[in-house]
Amino acid sequence: MHAYRSHDCGALRAEHAGHDVRLSGWVHRVRDHGGVLFIDLRDHYGMTQLIADPDSPAFADAEKVRAEWVIRIDGVVKRREAGLENEKIPTGEIEVFVRKLDVLSAAEELPLPVFGELDYPEETRLKYRFLDLRRETLHRNIVMRSQVISWLRQAMVGQGFMEYQTPILTASSPEGARDFLVPSRLHPGKVYALPQAPQQFKQLIMVA
């Protein structure tokens, strides 16, 4: 079995019931229902509900985890009881009974909770951008942006267009903006400059 996962957190379905699995991800939320722990485990692909009761060998470890801890679990997939399915997520028909839990990375108290869509000041969101980007809406927007750009690129290639990459280091230009200079290691005392625009390179390609 892979060191970190046999499935991602968005892959398990009802037909996987009875399978032994390994999952890794961030602890999205922990709920204690009368001694039975429910942990929502999240990764880039989705979310899976974990369950640990006092009969679980990993119960003591599960009691310690907090939001945004990174964990790896081994367990068995079980179908949820009738009426307890969660239709809001693709994995809502199942849950994973935890047999083993390893903490890969613990997290301190969060300055910006990832769970929920509470509105925080822009300054806080920018300061802790790495947490802000984990929140559901922003994550969904970034994935959608990637998919749209990929679709546009495929559509253009399908129409016969070609994509070229222009140089990112060049000679300094006499334009008005100040150059960002990069020292040369092969030619001491000489510098490269980041191009202010790829216009000339694109024109060369068009003429060629």
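Strands β1 and β2 form a hairpin with two residues between them, and Gly34 in the turn has a positive phi of about 60 degrees. Strands here are DSSP runs of E with at least two residues, and helices are runs of H or I with at least four, numbered from the N terminus. The model is predicted, so local features need pLDDT of at least 70 and side-chain atom pairs count only at pLDDT 80 or more, while totals for chains, interfaces and linings use all residues. Residues are numbered from 1 along each chain as its sequence is written, and side-chain values use heavy atoms, leaving out hydrogens and water.

## Strand β2 and its two partners

Strand β1 (residues 20-33) pairs with β2 in the antiparallel sense over seven bridges, where pairing requires at least two DSSP bridges between two strands. On the other pairing, seven bridges join β2 to the antiparallel strand β3 (residues 46-52), and these two strands also form a hairpin with two residues between them. Asp40 in β2 stands opposite Arg29, and its bridge partner in β3 is Gln49.

Seven of the eight residues of β2 (residues 36-43) are buried, so this strand is largely enclosed by the rest of the structure; buried means under 20% relative accessible area, exposed over 50%, and partly exposed in between, with a 1.4 Å probe and protein chains only.

## Contacts of Val96

Leaving aside residues up to four places away in sequence, Val96 touches several residues, including Leu23, Gln49, Leu50 and Ile73, where contact means heavy atoms within 4.5 Å.
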